[in-house]
Amino acid sequence: MRAPASDPVDRTRFPVEEWGLTEIRYDTAHLGQRETVFAVGNGYLGLRGNNEEGNAEAHAHGTFVNGFHETWDIRHAEDAFAFAKTGQTIVNVPDTKTIAITVDGEPLRLSGPGVESFRRSIDFREGVLRRDVTWRTASGRRVAVRSSRMVSFSRRNLALMTYEVTVLDGPADVVIASEVRNRQDEVPEGSAASVGFDPRRSAQFENRVLLSQLVREELGRMALAYRAAHSGLGLAVCVDHELYTGDPVATETRMTADLGRRTYRIAASEGRPILLVKWVAYHDGGADADAEDLVGLARLTIDDAQAVGREVLAAEQGDWLAGYWANADVEIDGRPELQQAVRWCLFQLAQAAGRADGGGIGAKGVSGSGYQGHYFWDTEVYLVPFFAHTNPGLARRALRFRISMLDAARDRAAEMAQRGALFPWRTINGQEASAYYAAGTAQYHIDADIAWAMCKYADVCGDPGFLTGEALPVLVETARLWVDLGFFRGPERSFHIHSVTGPDEYSAVVNNNLYTNLMARANLRRAAAAVRELAAGDPDGFAAIAPGLQLELSEVDVWEAAAEAMTIPYDEGFGVHPQDEDFLKREVWDLAHTPEENTPLLLHYHPLVIYRFQVLKQADAILALFLAGDAFTAAEKRADYEYYDPITTGDSTLSAVVQSIIAAEVGYQERALGSFMEGIFVDLADLHHNTGDGVHIASAGGVWNALVYGFGGLRDHSGQISLDPRLPAGWKALRFGFGLAGSRAQAELTASELVLTLLDGPGGTLTVRGEPVSLTGREPVRVALDGQGPMLPTITGSVPLLHGRPATPEELTVGLPTGSTTLSPHQVPDS
């Protein structure tokens, strides 16, 4: 993907504002993208940004409870032993957003000719979606409609909505109908979700999902309870209303198994506001959860919220977000359009994880049904570093969720004829849900990613006891898997790992994948170190857990031997690390002559076609340069980046932010900024044309990584903090917070100096461009900077660079799959 213009957002619709996002013009184009970017959530509950009126002007009505899913049998055309058997898909839980209005019998339709003004906005410090509409009915009445929507961070099960109507010029008959509707089991006509093939979208269920367990209405409070047909999970939703008006009102309630509707008929006076307050609570439970109990919890949530009132709830929301931003904010001086995009991304991370509590963090958070609501390795690699540096509690919760899946991972390893534990590539309930094993189950690197994230948290947050305590069983079982999966070979006794897939899904089932081997080596080393530390420092503690893990120190010897003998592929002739041991033997895909309409490649070519070429969906070796950066020299990083960046398609939103980090480090500053621009505007400008399926949460986390690790030049290998900044040309200053062995510090970067300030804790020592800096007092430490690192001319073209220059036809074969109508320069026949 090409880097977007400096600001690809339509500013006639979305004006620049540093602490919020506002839309000032409505039409029906790109509804899905706008429903996503205006979604509100807290990590447990998410409400898409559908308009309140609930009419057909919607891409996908959506309300999601984290982890609440249905299961279904995966049907393999040709089955085999240990193929994933059960799919999991997040459920679109009953929708409570709809509040429809008619004035003198005419419904409000935002795309209609009578809408005079439209504005909706969300302030990232307030966490409330607000909308203002002025509408003139066909009979000439002018009506002001104001609404708000909030999902509470302080009360994870609660949502609060308001809907205010004022007839501005004369009396009118106003009808307000507030609903709770089971949309999961509706079959809307022309549903956008059913159009076209795209494996990134959510699957569609064939049968009814939510089985009604309870329908109740008491004094206007509506309660519905369901059980998912196959997973057995239970869910309750409770809705209550308060109507404020001085005009006469008639009220009616209708309840069925799939619909609750509260209707108010008001003889509205001119200029007198009508305010409807809608209180909503969702509670879910396991297969043994009782419907009455879940409804009781939902009722209690509403009772408690109503007891404190809306003002207190708004203050709680502001306080939670103030605490979040105090540590999470990253400031870019003088670039308000980038500042807005950065804060939007960081706000999405709060909405995806803030109250996930015991749950995972989905690839789309709770903003959409893309990727079926699954959890991937994205959480560990792209999100945990951000949370470790800014909100350690959220990092630890995410890791504890993985720990809770250990038994399922052990079972999966046994199915795959392995010792130890194999965590699923994609899952909700802990079972592998990927039907395509080559790009799913074969991504064994998930084990090492999880171990890496646990070590990252412990190192950055100064919590070594985490590794010798609750995380130790995961470290032990993942280390066991690598030793069992790999093997020693030859007189030199080198250690090899075969038939795995790395992060790049355009190369599958390969031998000695560079990323996998490096991360497995780190996993083995840290697992061995944790076991030996526990055995030496707390012999009684080791003796207590060793029998349960069937662990002896002699096993640790093997882990260490495998780590030291790990094969790290390197090609002397090309001077680069092959992505896997056969990667450089393949033909290079001619990206320069690939028709635009044939991208992304995964939607237009069979996987086997793609696997035969050197072409990357996402950074693989480049990601290794970042995560295992201390295993490479500066020259090796540059050579590897120059080889892989030109043949990376950017078909994955996971890629650009990582490419930006390494480009900044090795000196391709223009390329670094271009890749950063791809990452930061993925959703706000819908660069991959699938934002309608939900926020790209990993990319949002990657934006923080690109700012802090890339332009800030921070590295935290084994908890040792170092900084080697790369401030982009034209940026006045960059400010960010980071962790320092459990303390909090801030960095302020300008073109000429780096200012470091200890914010909290005892501090410690770090290095700036190789020189030690002691940060233990409250006075800022100023470090003069001589430039922003090397400045290399930008890379052009899509042919890998070898030894700093484009590879020649004698070195590499460049081509397209047979049947392509365009020949590359290297394919043109001699005349």
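Visitor: Which residue lies over the face of Trp 19?
Guide: This is a predicted model, in which local features need pLDDT of at least 70 and side-chain atom pairs count only at pLDDT 80 or more, while totals for chains, interfaces and linings use all residues. Residues are numbered from 1 along each chain as its sequence is written, and side-chain values use heavy atoms, with hydrogens and water left out. A charge sits over a ring if NZ of Lys or CZ of Arg is within 6 Å of the ring centre and within 35 degrees of the ring normal. At 3.7 Å from the ring centre of Trp 19, the residue over its face is Arg 343.

Visitor: How many aromatic pairs does the structure hold?
Guide: Rings of Phe, Tyr and Trp (its six-membered ring) pair if their centres lie within 6.5 Å; planes under 30 degrees apart count as stacked, over 60 as edge-to-face and the rest as tilted. Ring pairs link several residues into a cluster, among them Trp 19, Phe 153, Trp 320 and Tyr 709. For the structure, the number of aromatic pairs is 29.

Visitor: What is the angle between the planes of Phe 376 and Trp 425?
Guide: Both residues, Phe 376 and Trp 425, are buried (under 20% relative accessible area, with exposed over 50% and partly exposed in between, for a 1.4 Å probe and protein chains only). Phe 376 lies in the loop between α4 and α5 and Trp 425 in the loop between α7 and α8, so the pair ties together parts 49 residues apart in sequence. Helices (H or I, at least four residues) and strands (E, at least two) are DSSP runs, numbered from the N terminus. The pair is edge-to-face, with 5.2 Å centre to centre and an angle between the planes of 85°.

Visitor: Why is the pair of Phe 676 and Phe 711 edge-to-face?
Guide: Phe 676 lies in helix α18 and Phe 711 in helix α19, so the pair joins parts that are 35 residues apart in sequence. Phe 676 and Phe 711 are buried. The ring centres are 5.3 Å apart, and the pair is edge-to-face because the planes stand at 75°.

Visitor: To which backbone oxygen does the side chain of His 69 reach?
Guide: His 69 is found in strand β4 and is buried, with a relative accessible area of 6%. Leaving aside residues up to four places away in sequence, His 69 touches (heavy atoms within 4.5 Å) residues including Gln 88, Ala 228 and Asn 429. At 2.8 Å, the side chain of His 69 reaches the backbone oxygen of Gly 67.

Technical notes. A polar contact is a pair of N or O atoms within 3.5 Å; within protein, one must be able to donate a hydrogen and the other to accept it, and residues adjacent in sequence count only if both atoms are side-chain atoms.
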